Amino acid sequence: MRKLLIVGLPFFPHKYQYLLDSYKDIDVNVKVLLNAENGGEFIGKSFDYAGKGKFKRIYNYLKILYFFRPKNIDCYDYSILSIVYILIARLFGINVRFWLIGGELIGDKQDFNKSSFFLNFIVDMKMHFSKICLRFANVIYAKEHHHIYTIKKINPKLLKKVEQIYNCVPVSDNKPDS
């Protein structure tokens, strides 16, 4: 049975259950390492809590890599630790699929206090780390249309790794009747 570790998720919405069920249907053993305790109802055989604090999360990640021994990880780019998850996985020869989730490649600050030096610094660091993650991932899942343009500006060669899975409904090319 193939093994997959999912990392970077701060929570596990019920709507993601279809993903785990789909993996199970194709005989993939999945483990999810959640960043937050609020997934307590899920903690058990398929779910683990990464812990509070960056060092505890990294320790638990390493422990799961050692005992679970996945061949692949899916890294969702919610955390500044994405770079750590990816670099360690690649160091151990684990394939990485990197899931972009929003404005992380452009340093999106629309929901932050723009006058806060600390928040601006964190968002800028996250943006740079996310760009580095692109280089080390085996596959990049782009969920927003702007990801393609941004990746192309970073390095057009990275587009060879991109799978486009948009979070929208396509609009028909046909003009509606007036």
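Reply: Arg57 is buried, because its relative accessible area is 15% and the limit for buried is under 20%. This is a predicted model, and the values given here are computed from it. Arg57 belongs to helix H2, which covers residues 54-68. Apart from neighbours within four places in sequence, the residues in contact with Arg57 are Asn35, Ala50, Gly51, Leu81 and Tyr85.

The loop between H2 and E4 holds Arg69. The phi angle of Arg69 is near 50 degrees, which is a positive value in a residue other than glycine. The charged end of Arg69 sits over the ring of Tyr66, at 4.7 Å from the ring centre. A charge over a ring is also found at Phe68, where Lys31 lies over the face, 5.7 Å from the ring centre.

A positive phi in a residue other than glycine also occurs at Asp27, with a value near 65 degrees. Asp27 is placed in the loop between helix H1 (17-25) and strand E2 (28-34). With 45% relative accessibility, Asp27 counts as partly exposed.

Next come the aromatic rings. A pair of rings is described by how far apart the centres are and by the angle of the planes. Rings pair if their centres lie within 6.5 Å, and planes under 30 degrees apart count as stacked. By this rule there are six aromatic pairs. In one of them, the ring centres of Tyr76 and Trp99 are 5.1 Å apart and the planes are at 10 degrees, so this pair is stacked. Tyr76 is in strand E4 (residues 72-76) and Trp99 is in strand E5 (residues 95-99), so the pair ties together parts that are 23 residues apart in sequence. Both Tyr76 and Trp99 are buried. Together with Tyr141, these two residues form one aromatic cluster.

Now the cysteines. A disulfide is a covalent bond between the sulfur atoms of two cysteines. The structure holds zero disulfides. For Cys75, the closest cysteine sulfur is that of Cys133, at 6.2 Å, which is too far for a bond; the cut-off is within 2.5 Å. Cys133 is likewise in no disulfide, since its nearest cysteine sulfur is that of Cys75. Cys75 has 0% relative accessibility and counts as buried. Cys133 is buried too, with a relative accessible area of 2%.

Helix H4 (residues 117-136) contains Met125. Met125 and Ile80 are 45 residues apart in sequence, and their C-alpha atoms are 8.0 Å apart in space.

These details can be set against the whole chain. The protein chain has five helices and seven strands, which follow the pattern β-α-β-β-α-β-α-β-α-β-α-β along the sequence. It has 178 residues, and 41% of them count as buried. Among contacts with a separation of 6 or more, 58% are between residues 24 or more positions apart. The chain exposes about 10900 Å², and carbon and sulfur atoms supply 58% of that area.

Note on methods. Residues are numbered from 1 along each chain as its sequence is written. This is a predicted model: local features need pLDDT of at least 70, side-chain atom pairs count only at pLDDT 80 or more; totals for chains, interfaces and linings use all residues. Side-chain values use heavy atoms; hydrogens and water are left out. Rings of Phe, Tyr and Trp (its six-membered ring) pair if their centres lie within 6.5 Å; planes under 30 degrees apart count as stacked, over 60 as edge-to-face and the rest as tilted. Helices (H or I, at least four residues) and strands (E, at least two) are DSSP runs, numbered from the N terminus. Buried means under 20% relative accessible area, exposed over 50%, partly exposed in between (1.4 Å probe, protein chains only). A charge sits over a ring if NZ of Lys or CZ of Arg is within 6 Å of the ring centre and within 35 degrees of the ring normal. Contact means heavy atoms within 4.5 Å. Accessible areas come from the Shrake-Rupley method with a 1.4 Å probe; for residues, only the protein chains shown count as cover.
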